[in-house]
Structures are given as structure tokens and as C-alpha cells.
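Dear colleague,

I am handing over the structure below, and my notes on what turned up in it follow directly after. Please read them with the coordinates open beside you.

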Amino acid sequence: MALNVNILTLLVLSFVLVVLVVTAETQKCTQIINDRCTMPYIRTIDAVDPENNQEICTALAVYLRCVEDVKKTVKSCRSDLQFLTISTLIPMKMKARNCGNISLPTNETALIGTKSPTKPTTKRPGCLNFTSEDLKPSKEQIRLNPHHFRLCALFGDPHLKTFTEERQTCVVQGAWPLIDNNYFSVQVTNVPLVAGSSATATNTITVLIKANGNGCVDQKIYRAEAGSLPAEFHDGTQRTGPADCSAEIFQRKKGRRFHIEIKICYISTTIIIRQVGDFLTFHVKIPEQLLSSVPSTGLCVTGCPSRQRIDYRELLSFTDNQLAKMRPRRSKMSRAEAYANCTETKITGFYLDSCLFDLLTTGNVNFTAAAWHALDDSFLLDEIGTLRDLQSYNMTEPRTDKPTWPVKIPVSSSQTLSHSFAILTVLLFSLFILAR
């Protein structure tokens, strides 16, 4: 019996040691990529003109080469999910910018950016233009937020990422405002997914371009519904405002899928709407200056009301037995199946947690694609912020059905001292008995 206990103890300790080694190797991969590749890339992008496609493509090519070089020297990168995500996103970003073949020196793995001269901008009298010099953010605002803008996203069941980087999963059934200010507003409508469950998803998005925003534009309405993503406003037009800086709708194609992009030039705002399966996803990028100077309301600003929030981390930490009891009958997907489906697309961070949540609660595999496209759109609008998000986010770990061993119970220092003294006393007494 004592031998079996010793063998079991040895096996447990060996397992713990292996886990620690693997974790350390994974952290080593992430740290090296961050120090050697990601941070230099961020510094380069901060220094170049965002309109200079050649410099950005060169920076992306150097970034990709750097990541591939790290993979050759750090073996753990081959199985690191964050590495796989980054190495997938960079080529996608290069393809989106039509980078083509970028020639680099053989030894060029360091990113060095030079600031291109800013093109002079023309401000039409009476028209607001956030690209003009007098509306650029102050040095203090640039220090606090080097990228001068904020991102909000809504996708899946639905999962919300606010302008202030809060990540929430919400019910919000029915019509809800995402953002409303003097220049434009966005409203979404969410419908139930599974009978007996609080799960909902977005099937309608309405965008209102306001005429009273002093942007020299007429009021325009855009309405997207599941099954219908028109490439025009409600009145059949595609643009409004000055020819050099208008509000305009574009239909973009990536692979076999189309999505809608609404660019409101005079307030430097971009909206992306796409359909995945039977539901819609939404992303908006807005200048920091506009958000701080103009009163804005909506879920992107304040988050979901507390009574409408779902603790997605609590659900993802449930044991398999707990999940089996709480899932609706229509959802028969196990955690292992959900994880296999979600990680097949090489997503990680908040997007992986969101994907797991959606598949465990609905069983609808289309939500895997929704999370993947959400990450893709986020990277398209804010590659630097998305990279930082992937690196800083802590994945939710599930509990086990049986208590793990050994279990560490936090105690005060005085309790620890008393406990240690008691153990020492018992050991000395045992030795005294054996000596007799």
C-alpha cells in the first residue's frame, strides 16, 4: 500500500513538472515574439504614415519573417495558439492591403520606421473634417492612446467589446443602441437562439448618418438584415457629402464572402457589417478625439446593463458534469468538441472564449466562423490593439470534476506557524515511540 502511494505521488509530481515545463516553454515563445517582433512592429507602424501602403507592407513582411525565424529557434511555438493566430493574421493583413511580393534583405528582421511627410489636407469651409490639422489630438492624448482611436465590436451570442476595452457577454434581446452621437447612430436588434435559453444573436443593424453633424451631408439610413446586406443606403444612393471626404458605402469581398464597409471620412470613422450564418456581426472604429469631445451613449460606451450581462467566465469554468446539466437539449456539444471546432480556426484570446461559450450554449457551429471573422475584422481595423489584446487576455480554465491534488489552502502566517509546530510535535512524538 505504501509503495502504491509513493508511486502515485511520484507520478503526480512528474505530471506537475511536465506541465510547468510546457507552460514555461509557451511563455518563452510568447515573450520572445513580443520582444523581438511585435513591439518593433508596433513602433514602426506608429512612426509611418497610415496612407503609405508600401511602408506598412514592408513592416508586415519584416514582422512575418521575424515570427517565422522565432518558430525555427523556439520549438514550443509550433504548438502555441497565440503564435498560430499571429502567423495567420499577418498574411491576411498583407493580402487585404494588396502587398504582393515584398523584397527584403536576407538579414532584415528588425523593424525600422521613418515618418513620411504628412500630406496637406484641405478643409472645406463649414464642413467638419477630423483629418485636418486643427482637429488632431493633443500630445497628451497621443501619449495616452498612441493610435488616436477606439474600437467597439459586437458578434456571436452576442459578445461585446466596448470602447473602454471591457469584454462582456449579454442577453439584450430586442432593439438596443450601440452608439448615438451628433454625427451618427447605430441600433441592433437581437433575437432568441434556443428555446429555454437566454442566448440571443443579432439579426438587424441600422445605421443613421445625421445631417446636423455639420459634415455637409444629407441624412442617410442604412439597414442590414440577416439575408440582406445591401451595398447602398435606404434611398438607393451610396454616398453623401463632399467628394473629397464623404460618407460612403463599399461592398468588400474577401475569399468567397462579402461584407459591408461604411466609411464616414469627415469624422474618420469606419463601420464593418457582415453576415455569418444566420446572424450579423458589427465593428466600428472611431477617433479618440471625437469620443472625448462629443457626448455619446449606447452599449459601446457604457456596456450592457448589469441585469443583461452573463458571466461567460463562470460558465466556461464549469465542470463537464455541470455543463451537461445546464445546457438546453438542442445543444449536445461537449467541451472537447467545442474546443476542437474553435481552435481549428486558430483563434485565441477573448475570441476563443466567446466561441467556446457560443458552441456550449447553442451547439451552432456557425458561431465558430463568427468569432474568427470578428478577430479578422478587429485586426483589419486595429492590428496593434488586437495584438496587445491577444497577448494580455487570460483564457478561462475549466474546473475538474474531481479535486486536484495537492490542494493548496490559503492560510495566514500565524496559522502556518502553528500548523508547522503541530506537525513537528507529532513527528518528534512518533520518533520517540519508535525508539522505545
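Helices, as the word is used here, are DSSP runs of H or I with at least four residues, numbered from the N terminus. On that basis Thr348 is placed in the loop between helix 9 (335-343) and helix 10 (350-362). Please keep in mind throughout that this is a predicted model.

As for the overall picture, the protein has 13 helices and 13 strands, and 43% of its 436 residues count as buried. Among contacts with a separation of 6 or more, 62% are between residues 24 or more positions apart. The accessible surface comes to about 23,300 Å², and carbon and sulfur atoms account for 56% of that area.

Leaving aside residues up to four places away in sequence, Thr348 touches Leu81, Gln82, Thr85 and Leu390.

The salt bridges deserve a careful look, and the search of the whole structure finds 14 of them. One is formed by Lys93 and Glu383, whose closest N and O atoms are 3.5 Å apart. Lys93 lies in helix 3 and Glu383 in helix 12 (residues 383-392), so this pair ties together parts that are 290 residues apart in sequence. Both partners count as buried, Lys93 at 4% relative accessibility and Glu383 at 10%.

Helix 12 also holds Asp389, whose side chain meets that of Lys161 in a salt bridge with an N to O distance of 3.5 Å. Asp389 is buried at 3% relative accessibility, and Lys161 is buried at 4%. The pair is also part of a network of salt bridges that links Lys161, Glu165, Arg167 and Asp389.

A further salt bridge joins the side chains of Glu261 and Lys263, at 3.7 Å from N to O. Here Glu261 is buried, with a relative accessible area of 9%, whereas Lys263 counts as partly exposed at 33%.

Technical notes
Residues numbered from 1 in each chain as written. Predicted model: local features only at pLDDT ≥ 70, side-chain atom pairs only at ≥ 80, totals over all residues. Heavy atoms only, no water. Helix = DSSP H or I, 4+ residues; strand = E, 2+ residues; numbered from the N terminus. Buried < 20%, exposed > 50% of the residue type's maximum accessible area, 1.4 Å probe, protein only. Contact = heavy atoms within 4.5 Å. Areas by Shrake-Rupley, 256 points an atom, 1.4 Å probe, with all protein chains shown as cover. Salt bridge = Lys/Arg side-chain N within 4 Å of Asp/Glu carboxyl O.
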